[in-house]
Amino acid sequence: MPEAEEPQLYAPRQSIFPRSVKGRFRRLKWGLLALAYGVYFLLPWLRWHRESGPDQAVLFDLVGRKFYLFDLVVYPQDIFWLAGLLMIFAYLLFFVTGIAGRVFCGYFCFQTLWTDVFIFMERLIQGERPARIRLSKQPWNLAKIVKVGLTHLLWLLVAFATGLTFVLYWGNAPDLVVEFFTGKAPFAAYATAAFLTATTYVMAGIAREQVCTYMCPYARFQSAMFDRDTLIVSYDEARGEGKKGRAKLGRDLKTEEQREAAGVGDCIDCGYCVQVCPTGIDIRNGLQIQCISCALCVDACDTIMDSLGWERGLVAYSSQREEEGGEKARLLRPKVLGYAAVLVVAVSLLAWSVGHQAPFDLTVSQVRQPIFTLLSDGRIENAYEVKVNNKTNHSLGLAFSLEGLPGGELDMGRFRHVVLRSGQRLRLSARIKARPKVFDGKTHPVTIVATPDPGAKLPPLKHETVFYVPAS
Amino acid sequence: MADQSQQKAVQTTGHAWDGDLQEFNNPLPRWWLWTFYATVVFAIVYWILYPAWPVGKGYTKGLATTTFESADGKEVTTHWNTRAEFIRDMQSGEEALKQRAYLVKVGSASYEQVLNDPDMMAFAQSMGRVLFADNCAACHGLGGTPAQIGSYPNLRDDAWLWGGSIERIEQTIRKGRLGYMPPFGKVLSEAQIDALANYVLGLSGNPVDKAKAAEGDKLFHSDQAGCYACHTNSAKGMYAQGSANLTDQVWTVADVPDATDIKDKLARVKAVIRNGIERHMPAWEGRLSDEEIKLLTVYVHSLGGGQ
């Protein structure tokens, strides 16, 4: 081990100036980026017809406590859907990572998408990699100030558009934009837009690969999901290095035959794969924690191989198994099948639950203080709190009745029948009175039934609760 | 190759123990240090703005302030503290204003309108519950049922000493009540009290000595004991006096349901006849606003089902 260098306490930041590249993965990534940006920036503007409620397709109404997603309206009671959705996302991530490595990082993560756009703008104004390196080294003058200033201004504009668009999901977009620029929007809108403008600018413009390497927990726990069959971007070392290592295209090393005779590999050490890397690593050193599997080095190497007329795939998607033994990676492995099974179950459950969303809610909870009351005629009374919630687009009449307690009487005061407006929630108090045959000190199951008016053509909803009878 | 790249990537601290035990040096990025400095700056700004350092018996109060209205209507500005923030929120917070507006709405509606409107009833229930807990629960219990029969009336059952109509309940809350039954220990003999207890328990279907009960019946309606004057000839009591209905299953003073056998029941009833009872409910008019009394009236009315 060399001990020449003084150990450093803090690692200095290496500036990275990624060179642009063309190829099939770059095309795929631009396509995905266009799709993601299209959805993100345009969705708040999409109008949607509803019988009651706002005409925005996707609207998270915090004040009204309703989330509108096209034809679905999500109420606070449906919060477990969010849990289901998060579970599905997590298992989808595990599943995809188990098979294909960090595809999320390389293709879908907003850090990657926004960084891509910011690098594109940087190149638009400051030029290709060598020009950018030159600019960063040259002393400050008017030209440098204009170029760098313009870049940051563009970044801030995109960052602000990002922050503003996020805000639009929480209110009626056309109104909110007008309010925003006339100073009439709520404080939370300005604070959120400002915060997201700042984070987008800092993360995509300045921090970039530092986010993936040092901040993102996913980069760190991915190794738990990797195995010998997981797809990774890798360098074909046997082909690239040959017997004597890589060598530049020298005078007698121009063709594959010459190189094989000289014992050098197919890698001409042009460095293109290193120059295009957004995290600044050399893929030829093997799998590294910084690698986000964006596959731009694959495009870079393919470009070079094409120009030489050699076979593609010196840098390619591969797996540890393929690298070591030449065998194809297995797709059907217990881990992958396990993730898939959980995923299928979670998706089916969520789909079933969303598909069977009750048109109205009924919950009954027993009042515990006091747990029972002795009435003047000797009967026992238990009290309950009944909550109903109309999720339909119409007003809904509900009649309450009691099941499962022979001789029991349900007393809801003047609200034995109520009419709820669309979206209305109500809390009612109910009392059940009964003359027990035996005073057994036990709870007995009873059911409160809410029956919609015949015109609504909806099935009745039942909620089971208990009736407590004291010991004599 | 793998070893080479590791040598390139990871530096060691240069320390070596036992000849070959070394430690890797994986330095933090420098900006990580800046985030630490940023927390230091944040802390200093916080000290300047908010209460922070103990100094002698006091503390540094900070520059941030909170303004609220004191009980006598004056505007008070103090250093930032959560108690003042809470008072301000309760006075001018968005939710507090909404609640107050609804309170005015319920306050100006008639009882009939409130009782027929499920929304206003839900509001009366939730705000009435809070008012009840603050003002009434000390005696009547948090749910309207006192810990023990005898101390204070149970508001959950359907027996109303002073009447369960909206008008009577409001009157009870506004003006208070004085419930009084004189002690008969010195007026009546032990045998007479025993006879009365047998009669009273028999009224609600308890197995009692028929001869004693018949004697008690006579005594009850005689001018010597004079029970009928308040409890009425039918022994069903009257709201004007707050006298209990003795014929139903609800006991408001003697804890009969808790008794183990008929002897115990008799003893408990006799104790009440012997010692009498005096219960006092204070008047809340002037202590609570008209709106609050209205909400409490509706709440108490709904507790026992009302009349």
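How many residues of chain A are in contact with residues of chain B? In this predicted model, local features need pLDDT of at least 70 and side-chain atom pairs count only at pLDDT 80 or more, whereas totals for chains, interfaces and linings use all residues. Residues are numbered from 1 along each chain as its sequence is written, and chains are lettered from A and ligands numbered from 1 in the order in which they are written.

The contact between the chains involves 33 residues of chain A and 32 residues of chain B, two residues being in contact if their C-beta atoms, placed from the backbone, lie within 7 Å. On the side of chain A that touches chain B, at least two residues each are supplied by strand S1 (10–11), helix H9 (209–215), strand S8 (373–374) and strand S13 (425–434). Helices (H or I, at least four residues) and strands (E, at least two) are DSSP runs, numbered from the N terminus. The largest share of this side, 5 residues, comes from S13(A).

Strand S1(A) also runs parallel to strand S3 (residues 28–29) of chain B, to which 2 bridges join S1(A); strands pair if DSSP finds at least two bridges between them. Within this region, A:Tyr10 stands opposite B:Leu28 in S3(B).

The contact is made by A:Arg24, A:Phe25 and A:Arg26 of H1(A) and by A:Leu296, A:Val298 and A:Asp299 of H14(A).
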